[in-house]
Amino acid sequence: MRHNLKQAAYDYGMIFVLLLLGIIFSFTTIKEQTPDDAAAGRKMGKTLKKEVVLIVTRDSEQHRTFAEALRASLSANGNEILNILQGEPRDVRKVLVAMENDPGAKRPTVIAGPHATMNWDLFNKGYFNSHFSSLDGVKFVKPATYTWPTFLTRQNLVNVATQIVVISIIAIGMTMVIITGGIDLSVGSLIALSASIAAAIIHNAAGNGPSTEVATTVVVGACAVGILASGCFGFFSGAVTACFKVPSFIVTLAVMMMVRGYAFKSVGGEAKGSLPDAFTTLGHGDWMGIPISVVLMAVLYYIAWFVMTQTIFGRNVYALGGNAEAARLSGVPTKRITITVFTICGLLAGLGGIVLASELASGDPKTGTFYELYVIAAVVVGGTSLMGGQGKILGTLIGAFIIGVIRNGMNLNGVDPFNQMIVFGWIILLAVLAEKGKELMVSGGRSPFAVLGGLFASRKRGEHMETGHGENE
Amino acid sequence: MSAPLLQMEGIEKSFPGVKALQAVDLSLHPGEVLALLGENGAGKSTLIKILSGAHKPNAGRILIDNQALQINSPVDSEAAGIAVIYQEFNLVPWLTVRDNLFLGRYGTLHLIKRREETRKAKKILERLGLDIPLETPCARLSVAEQQIVEIAKALLIDARILVMDEPSATLSGREVDKLLEIVKDLKEQGIGIIYISHRLEEIFRIADRVSVLRDGEHVGTRDIGALTKESMIELMVGRKLEKEFPSRDVEIGEVRLAADGLRKGNMVRDVSLQVRKGEVVGLTGLVGSRRTETARLLFGADRLDGGVITLDGKALTLRNPRDAIRAGICLLTEDRKAQGLVLCLSVRENFGHPNLDQFSRFSVINRARESKAFGNYVESIRIKISHHEQLAKNLSGGNQQKVVLAKWLQRNADVLIFDEPTRGIDVGAKFEIYQLINQLAMDGKAVLMISSELPEILGMCDRILVMHEGRIQGELSKDEASQENIMALAVGGQDAA
């Protein structure tokens, strides 16, 4: 049992880094929260009794739901709703002016609305009283504020998850490839390929009609074709790597270039937008409040974890990466495994492309540049060794979250994009060094300080350090 | 006797959970060969690593010329005149012999003084009797030649203490003779040598004294004259071994594995052999006689250029090892680290690899069943591990070999090919492996055993096939075989008998 705990801490040590980042960003983003959502509206409604209320909101989706919740809550608590105004300051001003000039009109005792509208200059006390004297004494009410880290708001956490979906889905395939000792540089291009192909098929099916009206079955078919096309290139990379024993780095570098070309050709060189709702649901819809894409990611990670830890295929992937010759001599079908992991990686890159296109509502052959690097970074930060043979699927998920959280935290703290790049570079480097330190600590059973020294000395001692104290077990 | 060159007193070393060394004393005189003996896991490697500065002892002291010395790093060790030659060489394969000799030893400004280097290198290689161009990349050298380059490296730093860890394990008979001559030479020049080997014959040929370790403790140091092979083994294992090779009583049946005219490039030229049910057939020859290549062909690890392999009368088409395993043939490879085990995975996983079909349903592995099956072998063949999830790389050589054995035993194959099954393994574990081979023969399996150790071949096999340059040079029955007539065939001569 103790061994299992130790092993888990070793395998998923990065989770502590993730927690630490979460804590840091929680502290740095503490500020007064001004909730403008339905829950805030409901709560606010309960604070008022027997008032005549004028509700003022902007004309937006969020504000409409706020207004609706507030209205329901106000009536339930015995308030009278004078009117619900939705618009810009000048629209509201017109109504107020009309009210001021019409002595017979019923006057509100309370003007209520979200922070966004109640902070308008229009509702500045001095200004308001001097212009609308008949409304003197009216109360302005906005939702109660509270102090809480912006990072830890529900909306923000959902944002973090949504932002890493594409990277983390592809990282599943990349983890498998890297565990076999390979690498796949073509995933960024494969994203563009599947997105472009799917968009092109939808536009073709629309013919001269509006592309937003294409039947759902066609949309689903188009996505499937896009994903399969990416899968085929994955298969191709795997087959060339396995059969000709060429380093996958070079093979996928070549495939990366050719696939980008095919992506541009499939859409005739430019992005295809205005895609039907059926297509954008994947990137925008939600299921019980959780974005569909995040649900998809969670399901895929569960499947991948199962496959990698509980099945023969998973075991063979580790064996192949750990020692290809020993694996082959133990009857592991090494070629088949190599081809399969690259195919899976291609398919998942294709799926990632569809998700991304769905979020952007556009099939753009330029998307996905540098994604291979983000994906590899997530895998490596998650503790998978580029040497092959070692790595954990759930570690990769943690790695993807670390990258997502860092990006989100920097955005919240107003770090500019150039500095973000610099920080990213350092984080990835430090993660890899931490990984190396962990290995030394385990093989030598030494203190962290000795390990730091060992990092520099390990080059010299080479062989003997690694074999450790083999005799003593 | 002269003053001791090296003294180690009360050396203790523990690793998390293990006491590797307890109060070990050792002394070495100039011009002496001290054999360090012990079973795998007895602590020999740890002791050496303390000398070389790779490990620091928890207690005890090291004296050189009666001066207490702290060895904190390999640099300290080198400065004290200690050189260690490990089993795995420290040569950079594609650098030349000269560059390897002077690696890390540059003059002022890190400029390479080629002419001076060449002169020094030539002198030293001459002294060791190695005649090769200095520009040869080390990867092109034979194992024996690489070893001499390693020894030359040690002499270049004017080492006075030379530690050799199993120097003969990968050498063939004649190469061993040459190595022992070099060792004797060095000894006459006043160098103190600590020599580790599992081959007791060698120890009798060169050692002056013998120190024995058992379970991390120093059980005694004796003059070589006071020891016999039996008493040496008794010291090592702490009990009496009845015989070096256990006997078996088996009815030999019909032919199980037959190969006819196997060919592969210009390596395996024409090999035909048969192994019967219940029979242990030895396959021997000098290094480079293509025994291993033959075994790989029989296992489907390499593709045949020609020839037929039949099992129980049925012709087999072996495209890869997977086919062979399915047909019921196993190969225990000679290099267990490079080919037998995935070192970064647990012993349980290594055990499982070829057997997953037995532990799974719809390709989902039942880990409990796998662990249970492995547990049976841990008991029956006494694999020393702390738990099933221990990584294969943290095991001693003998235990690694047992894990490989367990995985093939579980396969329950009809034909087992053992390539150097006891290389680098201590006497006690060797005996256990011999017993296992006997058990397999008694169960009606066919065993083909490849070995360079003639006593082992003579002691274990019913029939002996001798290879020379990719061909079977001759066949000897157990009764007619002797070291002499095997060697005669191995060097390409005809059967003297």
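In chain A, four parallel strands make up an open sheet whose order is β3-β2-β4-β5, where strands (E, at least two residues) and helices (H or I, at least four residues) are DSSP runs numbered from the N terminus, and two strands pair if DSSP finds at least two bridges between them. Because β3 (80-86) and β5 (139-141) of chain A stand at the edges with a single partner strand each, one side of each is left without a neighbour in the sheet. On average, neighbouring strands of this sheet are turned by 20° against each other, direction ignored; such angles run from 0 to 180 degrees between N-to-C directions, with axes fitted to C-alpha atoms, for helices over the stretch in contact.

This is a predicted model, in which local features need pLDDT of at least 70 and side-chain atom pairs count only at pLDDT 80 or more, while totals for chains, interfaces and linings use all residues. Residues are numbered from 1 along each chain as its sequence is written, chains are lettered from A in the order in which they are written, and side-chain values use heavy atoms, with hydrogens and water left out.

Within the sheet, strand β2 (residues 52-57) of chain A pairs with β3(A) in the parallel sense over six bridges, and Val53(A) stands opposite Ile81(A) in β3(A). Across β2, β3 and β4 (110-112) of chain A lies helix α4 (residues 61-76) of chain A, which runs at about 170° to β2(A).

Turning to the two chains together, 34 residues of chain A are in contact (heavy atoms within 4.5 Å) with 58 residues of chain B. The area buried between chain A and chain B, that is, the accessible area (1.4 Å probe) that both lose on being put together, summed over both, is about 3800 Å², and carbon and sulfur atoms give 52% of it.

Side chains of opposite charge can pair when their charged atoms come close. Between chain A and chain B there are three salt bridges, each being a side-chain nitrogen of Lys or Arg within 4 Å of a carboxyl oxygen of Asp or Glu. Arg315(A) forms a salt bridge with Glu349(B), with the closest N and O atoms 3.9 Å apart. On the side of chain A that touches chain B, α14(A) gives the most, with six residues.

Over all chains, the structure holds 40 salt bridges. Arg348(B) and Glu370(B) meet in a salt bridge through their side chains (2.8 Å, N to O).

Methods: Buried area = accessible area lost by both parts, 1.4 Å probe.
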